[in-house]
Amino acid sequence: MIRPDIIANRKAKKYSPRVLMARALWGGLRLPLFAWTPRPLWGWRRTVLRAFGARVGRDVHVYPSARIFAPWDLELGDACAIGDRAVIYNLGRISIGAAATISQQAHLCAGTHDFRDPAMPLLKPPIDIGAGAWICADAFIGPGVKVGGMAIIGARAVVVRDVGADTIVVGNPARVVGRREVRS
């Protein structure tokens, strides 16, 4: 049996010096410049995210309690929203399309480890959330997942595979339960 080489994993260089500096700066400034701001200061938080390298569209609403790991690896389309206590763990790039909603306490996780390799190297597969998609409360979106436009990920669903456009999924693991049909 091959055992994980935890020592090798801890010694591995996972981030460039530039990213380590950005992480330290964001870690020190996130609370006073972002998390402690009053809820209606959407524009201020957009400005702070842009200052840290995020690509942020118009009229984006990010709640102050949202936890964004790396703004420089975040793309937010026009009019999208990230709710209270949502976790955007973007070790890899996370893109959230226009008018998409990430509800309270949802967790987008763009990082994992290659468990087949004894050194368990860090992997950073991107996550793409399509325009108009709704990630409901407490849902989990795993590394490398693409959620199609207008899809709905039900509350507390666990998504580890791509979800097509206009598809509704629920459960753990997520399973298709229907199609989203928007009334005109």
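Five strands form an open sheet in the order S3-S6-S9-S14-S17, with parallel pairing. Strands here are DSSP runs of E with at least two residues, and helices are DSSP runs of H or I with at least four residues, both numbered from the N terminus. Two strands pair if DSSP finds at least two bridges between them. The model is predicted: local features need pLDDT of at least 70, side-chain atom pairs count only at pLDDT 80 or more, and totals for chains, interfaces and linings use all residues. Residues are numbered from 1 along each chain as its sequence is written, and side-chain values use heavy atoms, with hydrogens and water left out.

The edges of this sheet are strand S3 (67–68) and strand S17 (158–159). Each pairs on one side only. Strand S9 (residues 107–109) joins strand S14 (residues 140–141) in the parallel sense over 2 bridges. Leu 108 has Ile 141 of S14 as its bridge partner.

Another open sheet holds 5 strands in the order S1-S4-S7-S12-S15. Its pairing is parallel. Strand S1 (55–56) and strand S15 (146–147) stand at its edges with a single partner strand each, so one side of each lacks a neighbour in the sheet. S12 and S15 pair in the parallel sense over 2 bridges. Asp 128 has Lys 146 of S15 as its bridge partner.

Ala 133 lies in the loop between strand S12 (127–129) and strand S13 (134–135). Its relative accessible area is 1%. Ala 133 is therefore buried (buried means under 20% relative accessible area, exposed over 50%, partly exposed in between, with a 1.4 Å probe and protein chains only). Leaving aside neighbours within four places in sequence, Ala 133 is in contact (heavy atoms within 4.5 Å) with Ala 99, Ala 100, Thr 101, Val 147, Gly 148, Met 150 and Ala 151. Gly 178 is 45 residues from Ala 133 along the chain, and their C-alpha atoms are separated by 14 Å.

The axes of helix H2 (residues 17–35) and helix H3 (residues 42–51) come within 11 Å and cross at roughly 165°. Axes are lines fitted to C-alpha atoms, for helices over the stretch in contact, and angles run from 0 to 180 degrees between N-to-C directions. H2 and H3 are therefore roughly antiparallel (over 145 degrees; under 35 is roughly parallel, 65 to 115 roughly perpendicular, the rest oblique). From H2, Trp 26, Leu 33 and Phe 34 meet Trp 44, Arg 45, Val 48 and Leu 49 in H3.
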